[in-house]
Amino acid sequence: MPVNIPESVFTKYYDVVDSTFDIFGVTCQLVYIEKVEEISNTFDNIPSNRSINSHRRDTNIYKRENKVIKEVEKLEDIKIKVYWDSKSWVKVGGDIVIPDNSIQTIFFATDLDKIMRAKQLIVHKGIKDKKEMRFKKFGEPFPMGLRQDRYFGCFWERD
(Lines give C-alpha, C1' and ligand atoms only; values in the text may rest on other atoms or scores of the structure.)
Protein backbone atom coordinates (compact mmCIF):
# COMPACT_ATOMS: atom_id res chain seq x y z
CA MET A 1 0.00 0.00 0.00
CA PRO A 2 1.63 3.27 -1.10
CA VAL A 3 1.90 6.12 1.35
CA ASN A 4 0.70 9.49 0.10
CA ILE A 5 2.52 12.40 1.67
CA PRO A 6 0.66 15.69 1.38
CA GLU A 7 2.40 18.47 -0.52
CA SER A 8 2.08 20.70 2.55
CA VAL A 9 4.69 18.52 4.32
CA PHE A 10 7.24 19.26 1.59
CA THR A 11 6.32 22.95 1.58
CA LYS A 12 6.87 23.20 5.34
CA TYR A 13 10.17 21.28 5.05
CA TYR A 14 11.44 23.66 2.36
CA ASP A 15 10.36 26.71 4.44
CA VAL A 16 12.28 25.45 7.48
CA VAL A 17 15.45 24.52 5.56
CA ASP A 18 15.37 27.78 3.58
CA SER A 19 15.25 29.72 6.86
CA THR A 20 18.43 27.97 8.04
CA PHE A 21 20.32 29.73 5.24
CA ASP A 22 19.36 33.07 6.83
CA ILE A 23 20.37 31.85 10.30
CA PHE A 24 23.48 29.72 9.65
CA GLY A 25 24.49 30.79 6.15
CA VAL A 26 27.53 32.97 5.51
CA THR A 27 28.30 35.22 2.59
CA CYS A 28 31.15 33.75 0.58
CA GLN A 29 32.69 34.73 -2.73
CA LEU A 30 32.99 32.63 -5.85
CA VAL A 31 36.12 33.27 -7.90
CA TYR A 32 35.78 33.14 -11.67
CA ILE A 33 38.62 33.58 -14.14
CA GLU A 34 38.12 35.94 -17.04
CA LYS A 35 40.66 35.93 -19.83
CA VAL A 36 41.48 39.37 -21.12
CA GLU A 37 43.29 39.56 -24.41
CA GLU A 38 45.68 42.42 -24.99
CA ILE A 39 47.19 42.82 -28.42
CA SER A 40 50.74 44.05 -28.27
CA ASN A 41 53.27 44.17 -31.04
CA THR A 42 55.71 46.14 -28.96
CA PHE A 43 58.36 45.07 -26.50
CA ASP A 44 56.97 43.14 -23.57
CA ASN A 45 58.60 41.82 -20.44
CA ILE A 46 56.85 38.45 -20.33
CA PRO A 47 59.53 35.78 -20.04
CA SER A 48 59.72 33.43 -22.97
CA ASN A 49 59.05 29.79 -22.17
CA ARG A 50 60.57 27.17 -24.39
CA SER A 51 57.75 24.76 -23.85
CA ILE A 52 54.81 23.69 -25.95
CA ASN A 53 52.59 24.00 -22.87
CA SER A 54 53.90 27.28 -21.52
CA HIS A 55 50.33 28.61 -21.21
CA ARG A 56 49.57 25.84 -18.68
CA ARG A 57 52.03 27.12 -16.13
CA ASP A 58 50.54 28.75 -13.07
CA THR A 59 51.01 32.36 -14.14
CA ASN A 60 48.24 34.84 -14.68
CA ILE A 61 49.71 36.08 -17.92
CA TYR A 62 51.02 34.33 -21.01
CA LYS A 63 51.70 35.07 -24.66
CA ARG A 64 50.53 33.40 -27.85
CA GLU A 65 51.80 34.70 -31.17
CA ASN A 66 51.38 38.50 -30.95
CA LYS A 67 48.65 38.43 -28.32
CA VAL A 68 49.18 38.74 -24.59
CA ILE A 69 46.48 36.94 -22.62
CA LYS A 70 45.94 37.89 -18.99
CA GLU A 71 43.72 36.08 -16.49
CA VAL A 72 41.64 38.35 -14.27
CA GLU A 73 39.67 37.22 -11.22
CA LYS A 74 36.00 38.12 -10.98
CA LEU A 75 34.26 37.75 -7.60
CA GLU A 76 30.58 37.06 -6.96
CA ASP A 77 28.86 36.92 -3.58
CA ILE A 78 26.82 33.85 -2.63
CA LYS A 79 25.11 32.85 0.62
CA ILE A 80 25.78 29.24 1.56
CA LYS A 81 26.05 27.07 4.64
CA VAL A 82 29.62 26.07 5.49
CA TYR A 83 30.50 23.10 7.70
CA TRP A 84 34.08 23.08 9.01
CA ASP A 85 33.92 20.00 11.25
CA SER A 86 33.68 16.64 9.47
CA LYS A 87 31.42 15.37 12.27
CA SER A 88 28.77 17.86 11.13
CA TRP A 89 28.98 16.88 7.46
CA VAL A 90 26.00 15.33 5.75
CA LYS A 91 26.85 11.72 4.95
CA VAL A 92 26.97 11.12 1.22
CA GLY A 93 27.52 7.38 1.37
CA GLY A 94 30.49 5.09 1.70
CA ASP A 95 33.78 6.02 3.27
CA ILE A 96 34.91 9.18 1.53
CA VAL A 97 38.51 10.19 2.06
CA ILE A 98 38.67 13.97 2.18
CA PRO A 99 41.91 15.93 2.74
CA ASP A 100 42.50 17.70 6.06
CA ASN A 101 41.30 21.31 6.33
CA SER A 102 38.42 20.58 3.96
CA ILE A 103 34.90 21.93 4.23
CA GLN A 104 31.43 20.92 3.11
CA THR A 105 29.00 23.48 1.73
CA ILE A 106 25.26 23.32 1.16
CA PHE A 107 23.64 25.64 -1.36
CA PHE A 108 20.50 26.06 -3.44
CA ALA A 109 20.13 24.16 -6.71
CA THR A 110 19.64 27.51 -8.44
CA ASP A 111 23.30 28.30 -7.64
CA LEU A 112 24.63 25.02 -9.06
CA ASP A 113 25.70 26.58 -12.36
CA LYS A 114 27.66 29.29 -10.51
CA ILE A 115 29.42 26.70 -8.33
CA MET A 116 30.32 24.59 -11.37
CA ARG A 117 31.87 27.58 -13.19
CA ALA A 118 33.81 28.83 -10.17
CA LYS A 119 37.52 28.10 -9.90
CA GLN A 120 37.71 28.82 -6.17
CA LEU A 121 35.62 29.75 -3.15
CA ILE A 122 36.61 32.45 -0.67
CA VAL A 123 34.91 31.48 2.57
CA HIS A 124 33.34 34.06 4.87
CA LYS A 125 33.54 37.45 3.19
CA GLY A 126 33.03 39.14 6.59
CA ILE A 127 36.51 38.14 7.81
CA LYS A 128 38.28 38.34 4.44
CA ASP A 129 40.29 41.40 5.53
CA LYS A 130 41.64 39.47 8.57
CA LYS A 131 42.22 36.11 6.88
CA GLU A 132 41.37 35.07 3.36
CA MET A 133 40.61 31.36 3.06
CA ARG A 134 40.50 29.98 -0.48
CA PHE A 135 39.22 26.54 -1.38
CA LYS A 136 38.91 24.57 -4.61
CA LYS A 137 36.26 21.96 -5.40
CA PHE A 138 36.97 18.42 -4.28
CA GLY A 139 34.73 16.27 -6.46
CA GLU A 140 31.39 17.09 -7.99
CA PRO A 141 28.42 18.70 -6.24
CA PHE A 142 25.72 16.23 -5.18
CA PRO A 143 21.95 16.60 -4.66
CA MET A 144 20.57 16.37 -1.14
CA GLY A 145 17.42 16.85 0.93
CA LEU A 146 13.91 15.59 0.28
CA ARG A 147 13.27 14.96 -3.41
CA GLN A 148 16.91 15.93 -4.02
CA ASP A 149 15.99 18.77 -6.35
CA ARG A 150 16.28 21.94 -4.24
CA TYR A 151 19.64 21.69 -2.41
CA PHE A 152 23.14 20.58 -3.34
CA GLY A 153 26.26 19.90 -1.33
CA CYS A 154 29.91 20.08 -2.29
CA PHE A 155 33.25 19.32 -0.69
CA TRP A 156 36.10 21.83 -0.94
CA GLU A 157 39.79 21.39 -0.15
CA ARG A 158 42.14 24.18 0.94
CA ASP A 159 43.91 25.78 -1.98
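Let me start with the surface. The protein chain has an accessible surface of about 11100 Å². Carbon and sulfur atoms account for 51% of that. One caution before I go on: this is a predicted model.

Now the layout. The protein chain has 2 helices and 8 strands. Along the sequence, the order is α-β-β-β-β-α-β-β-β-β. The chain has 159 residues, and 33% of them count as buried. Next, contacts. Take those between residues at least 6 apart in sequence: 68% of them join residues at least 24 apart.

On to the inside. In soluble globular proteins, nonpolar side chains tend to be buried together. How many residues does the largest nonpolar core have here? It has 18. Cys28 and Leu121 have the most contacts inside this core. Which strands supply at least two residues each? They are strand S1 (26-39), strand S3 (67-83), strand S4 (103-108), strand S5 (120-123), strand S6 (133-137) and strand S8 (151-158). S1 gives the most, with 4 residues.

Look at Cys28 for a moment. I leave out residues up to four places away in sequence. Cys28 then touches Glu76, Asp77, Ile78, Ile80 and Val82, and also Leu121, Ile122, Val123, His124 and Lys125.

Next, the aromatic rings. The structure holds 8 aromatic pairs. A pair of rings is described by the distance of the centres and the angle of the planes. I will show two of them.

Here is one: Trp84 with Phe135. The centres are 6.0 Å apart, with 65 degrees between the planes, and the pair is edge-to-face. What does this pair tie together? Trp84 lies in the loop between S3 and S4, and Phe135 lies in strand S6, so the pair links parts that are 51 residues apart in sequence. Are the two partners buried or partly exposed? Trp84 counts as partly exposed, because its relative accessibility is 45%. Phe135 counts as buried, because its relative accessibility is 0%.

Here is another: Phe108 with Tyr151. This pair is tilted, at 5.7 Å centre to centre and 40 degrees between the planes. Phe108 lies in strand S4 and Tyr151 in strand S8, so the pair ties together parts that are 43 residues apart in sequence. Phe108 is partly exposed, with a relative accessible area of 22%. Tyr151 is buried, at 3%.

These two rings also belong to a cluster. Tyr13, Tyr14, Phe21, Phe108 and Tyr151 form one aromatic cluster. Which residue lies over the face of Phe21? That is Lys81, at 4.8 Å from the ring centre. Tyr14 has a charge over its ring as well: the charged end of Arg150 sits 4.9 Å from the centre.

Now a polar residue. Thr105 is in strand S4. Thr105 counts as buried, because its relative accessibility is 0%. What does the side chain of Thr105 meet? A polar contact of 2.8 Å joins it to the side chain of Trp156. Leave aside the neighbours within four places in sequence, and Thr105 is in contact with Ile80, Lys81, Val82 and Leu121, along with Phe152, Gly153, Cys154 and Trp156. Some names return here. Leu121 came up in the largest core, and Lys81 came up over the ring of Phe21.

Last topic: the backbone. His124 is not a glycine, yet it has a positive phi of about 60 degrees. Where is His124? It is found in the loop between S5 and S6. His124 counts as partly exposed, because its relative accessibility is 30%. His124 is also one of the residues that Cys28 touches.

Gln148 is the other case I want to show. Its phi is near 50 degrees, a positive value in a residue other than glycine. Gln148 lies in the loop between strand S7 (142-144) and S8. At 48% relative accessibility, Gln148 counts as partly exposed.

Methods
Residues are numbered from 1 along each chain as its sequence is written. This is a predicted model: local features need pLDDT of at least 70, side-chain atom pairs count only at pLDDT 80 or more; totals for chains, interfaces and linings use all residues. Side-chain values use heavy atoms; hydrogens and water are left out. A nonpolar core is a set of buried Ala, Val, Leu, Ile, Met, Phe, Trp, Tyr and Cys residues joined through side-chain atoms within 4.5 Å. Buried means under 20% relative accessible area, exposed over 50%, partly exposed in between (1.4 Å probe, protein chains only). Contact means heavy atoms within 4.5 Å. Rings of Phe, Tyr and Trp (its six-membered ring) pair if their centres lie within 6.5 Å; planes under 30 degrees apart count as stacked, over 60 as edge-to-face and the rest as tilted. A charge sits over a ring if NZ of Lys or CZ of Arg is within 6 Å of the ring centre and within 35 degrees of the ring normal. Accessible areas come from the Shrake-Rupley method with a 1.4 Å probe; for residues, only the protein chains shown count as cover. A polar contact is a pair of N or O atoms within 3.5 Å; within protein, one must be able to donate a hydrogen and the other to accept it, and residues adjacent in sequence count only if both atoms are side-chain atoms.
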